[in-house]
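Please look through the structure below before reading on.

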4 protein chains.
Amino acid sequence: METVTLLLNCKDAKGIVLSVTEFVYKNGGNVLEIDQHIDNQEDVFFMRVKWSINDFLIAKDKIDECFQTLVADKFEMNWQIYHSDYVPNMAIFVTKLNHCLYDILGRWQSGEWEVNIPMIISNHLHLKPIADQFNIPFYHLPVTKENKVEAEAEQLALLKKYKVDFVVLARYMQILSSDFISHYDNRAINIHHSFLPAFPGAKPYHSAHKRGVKIIGATSHYITEHLDAGPIIEQEIARVNHNNTIQDLMRKGKDLEKLVLSRAIYNHLQRKVMVYNNKTIVFD
Amino acid sequence: METVTLLLNCKDAKGIVLSVTEFVYKNGGNVLEIDQHIDNQEDVFFMRVKWSINDFLIAKDKIDECFQTLVADKFEMNWQIYHSDYVPNMAIFVTKLNHCLYDILGRWQSGEWEVNIPMIISNHLHLKPIADQFNIPFYHLPVTKENKVEAEAEQLALLKKYKVDFVVLARYMQILSSDFISHYDNRAINIHHSFLPAFPGAKPYHSAHKRGVKIIGATSHYITEHLDAGPIIEQEIARVNHNNTIQDLMRKGKDLEKLVLSRAIYNHLQRKVMVYNNKTIVFD
Amino acid sequence: METVTLLLNCKDAKGIVLSVTEFVYKNGGNVLEIDQHIDNQEDVFFMRVKWSINDFLIAKDKIDECFQTLVADKFEMNWQIYHSDYVPNMAIFVTKLNHCLYDILGRWQSGEWEVNIPMIISNHLHLKPIADQFNIPFYHLPVTKENKVEAEAEQLALLKKYKVDFVVLARYMQILSSDFISHYDNRAINIHHSFLPAFPGAKPYHSAHKRGVKIIGATSHYITEHLDAGPIIEQEIARVNHNNTIQDLMRKGKDLEKLVLSRAIYNHLQRKVMVYNNKTIVFD
Amino acid sequence: METVTLLLNCKDAKGIVLSVTEFVYKNGGNVLEIDQHIDNQEDVFFMRVKWSINDFLIAKDKIDECFQTLVADKFEMNWQIYHSDYVPNMAIFVTKLNHCLYDILGRWQSGEWEVNIPMIISNHLHLKPIADQFNIPFYHLPVTKENKVEAEAEQLALLKKYKVDFVVLARYMQILSSDFISHYDNRAINIHHSFLPAFPGAKPYHSAHKRGVKIIGATSHYITEHLDAGPIIEQEIARVNHNNTIQDLMRKGKDLEKLVLSRAIYNHLQRKVMVYNNKTIVFD
């Protein structure tokens, strides 16, 4: 079955649901999933509709245009329509830690996700053998204070070359510049190894151990120019106790990181995530 | 603000959302919350809409009639409209354990819920002092094998007298007859002290301890004629370990029971629960 | 059965367990619970032993002295022995919010805890009716910038008068002075309505909502002179989503607060909590 | 640092801790971890001690003998001493599902566990490419009703040949015979895709979906001759809702299975698990 998924938001108004559902039904679409959210505080309306276009009266390549004219214009909507027959390209950035990379590649190779992984970029060579093992091109681009601008330019050139739709920072230990981020606004998913906003920045497990917390966490978020402060997509936690060393926290935390990052990627791929006001709406 | 909440389900068909939202908008309603669910397996459509009727063009006492004629008939809907200015009456059934009763009465007295508690019914006298402390009429109706029919008749008479809308079995240790249940179909909420379907029936903490589970749970559900097999509204769990005695399981379990039962009552009061095929849709 | 519970810590050394268990066994004690913890980083040893003294050869009022001489001196231990026949006195401090107070009083009245509650202190009159309902003396001591010193002196006088062993701050909305805290070092349990160290200080639910977290939490800790930075006893979390308003966060959070505070009180009463280096060891 | 880990259980008696700690300390051992558990109901004592033997006065190959004579005999202990310089051999049994296999191999290859994986056994060929990718011998042993006895004999021969210490059934879809199990008593770890004892046997996700549970789970346990009824090592859960299809449950469940199985393997490898009365003590 071929489907499209529409994500939209706009100022709340009477008749939005009506207009959108009219557009789908009157053109022969069969709604499979439909979700809305009204942010009464901000007075913003959000909607996600997924419908089968097997019998849709509007030609595939005209849907965008028709939706703009027939519906979106009236409500000044921000919107995007995603086609199920397009498989997105995901690039992975890594440094030395391999647990998230193994988890992502296992899921990818076993067909758990509808995604291509055209390449892996790393500032170190440590994980090249894993890329080789899974037959994925691996680009080693060391980053220093001095070459950061050039290194990011190379990264962006590779992303362009491989038509990368979104980026996953699977424990990539470099801070990306605002310029880089602007190219992948709400399309670069990071995993941070703490329960944000607790313990941002470096060595959160050390800080968690020192503070004596009873629960640790991991957070996936879209990166923004503010470190570890982007829109949160998913979080998960695990209990720890006084017996646990920093190494235990790291070990338990790795499992959280894998889980939380993969959930974020899944929801991103399913087009279930919308960003507004530095927060996410996740239609789970 | 005065509101109504519509719950409906019907065979899935094109145009349902359209018809419902038209009904609300064209009559001047302002949608505050809107949720749908499509059960693709059963081909059933579910919807919940809450809207402000402050400027609604249809008179309050005509909304039901108009909705039936203008929308429901066409799709053969099962539906119910609830008015925010009606405060429902909730009866509590208890036996000897007091933790759920304290929790419910504390929430009620502090105004956490929009609900009246016109009476408490018990087959024992143990908890009468608590009813007195909170100034709620307490009816002591002992139940034996011999008098069960009469006792339930008395209970039903009391429920009728106090116009009770729904019943909460807060660790009530009697099995209700099918006849009784038929009067409160999907309106009698039970708390079972296990993670159903594990450990149904008596002494689940003993069974959990014997089995050596690492997690215990509690389950709130609408009662049906099949013991501990009704539609599940909410479940929650807590970790246990080899150190925990049966008494520890009971102690931890009590906290789960309070939590899970109160969440079920809250969602029931918010009209967020629909029942279909012995399962619930909870628009959380 | 009459028991004592020994809590100790000291620099790690060979033979501590040996000495302690010798002390118990050779004097006819029957060990019921025994837990140790070795902090290899700090090189500190922690131990908790609970034994029956029904057939103990050392007289009840000589146990402390004997333990000091026979065991503690050798290892320069910090230690405390608690007798099961002493029921501790717990004072509750509240302001206007009642959920934790109801929860504590319900548990107390139903005999869930071995504790006396000789009085409730509040800077407002709002919760006096609940104190009356449960027949507990209620002291209304308003606190302003100007009278803070006098108010705390009055509080301390009351605590002394009632021989209060430990204090529970059940959403008490005043910051206590270092002087006050010094009288109840590791004996004043606070509940903070966030997942510390995230969102310390005022209005954490508002901050959590603004940040768009997917999980909220509550933290119980012993108060120290550093606001919301004392040793954490227990934490718990609940999932939230984009649908949840600040009010929803508060509602879900109240349930966490009740749960987390009561677990901390339980573990404190069971003498399962030790404090070291601004962290807790909880022998759960 | 070279260490040994002692696990023991015996009838509870005065002086056990004393004897064991004497044995360690008087021979120059340095205790690193020490845990006990007293099952007051069954009157059984359990203990785990890990100590450094770098300066131990007893020769490495005499420790067992000495412990038997000096300590174990007196209390009729069941015990086992494990040496840190022995790396155990773990065999993996799989059928067609690959998620647990990927997870295990990723952890193994990245050195997360101190374990050898000398071979993978499967009744199908599907996962051979993964074994090849990770350079592990793969044995394809189809099992039918007719050849079951011979197939298990071949499996046992392979396990013997590779000196396999314990077996992990990573979604292996065959029931092993009592005879096979007797060779790997408490040394064959299974992952079951439900929250046991709920939904034992085949297709638990289908059953969970039909029952409408709000939480699903996974359980790792040692296999016994009773299907899905062996001693539980670890369990974990995830929330589900009415939106989730059976496929969603499977997807979420796979992540639980990976997590729960790997935690069981970790604790088994750390010698933190003891079995008694069809239950486990896990010194976590």
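**Helices, interfaces and backbone details**

In chain D, the axes of helix α7 (residues 204–211) and helix α8 (residues 246–269) come within 9 Å and cross at roughly 125°. Axes here are lines fitted to C-alpha atoms, for helices over the stretch in contact, and the angles run from 0 to 180 degrees between N-to-C directions. Because angles under 35 degrees count as roughly parallel, over 145 as roughly antiparallel, 65 to 115 as roughly perpendicular and the rest as oblique, α7(D) is oblique to α8(D). The helices (H or I, at least four residues) and strands (E, at least two) are DSSP runs, numbered from the N terminus.

This is a predicted model, in which local features need pLDDT of at least 70 and side-chain atom pairs count only at pLDDT 80 or more, while totals for chains, interfaces and linings use all residues. Residues are numbered from 1 along each chain as its sequence is written, chains are lettered from A and ligands numbered from 1 in the order in which they are written, and side-chain values use heavy atoms, with hydrogens and water left out.

A second pair in chain D is formed by helix α1 (residues 16–26) and helix α2 (residues 63–75), whose axes come within 10 Å and cross at roughly 160°. These two helices, α1(D) and α2(D), are therefore roughly antiparallel to each other. In their contact, D:I16, D:S19, D:V20 and D:F23 of α1(D) meet residues of α2(D) that include D:I63, D:C66 and D:F67. The residues of the contact of α1(D) with α2(D) divide into nine nonpolar, one polar and one charged.

In the interface of chain A and chain C, 34 residues of chain A are in contact with 34 residues of chain C. The area buried between them is about 2,800 Å², of which carbon and sulfur atoms give 54%; buried area is the accessible area (1.4 Å probe) that two parts lose on being put together, summed over both. On the side of chain A, the residues that lose the most area to chain C are A:R211, A:K214 and A:H242, together 25% of what that side buries.

Chain A and chain C also have four salt bridges between them, a salt bridge being a side-chain nitrogen of Lys or Arg within 4 Å of a carboxyl oxygen of Asp or Glu. C:E234 forms a salt bridge with A:R239, with the closest N and O atoms 2.7 Å apart.

Chain B and chain D bury about 2,800 Å² between them, and the rule finds four salt bridges across their interface.

Finally, consider the backbone. Most residues other than glycine have a negative phi, and most peptide bonds are trans. The peptide bond from B:L196 to B:P197, however, is cis, with omega near 10°, and B:P197 lies in the loop between β9 (188–192) and α7 (204–211) of chain B. A:D228, which is not a glycine, has a positive phi of about 60°.

Note on methods:
Contact means heavy atoms within 4.5 Å. Ala, Val, Leu, Ile, Met, Phe, Trp, Tyr, Cys and Pro count as nonpolar, Asp, Glu, Lys and Arg as charged, and the others, Gly among them, as polar.
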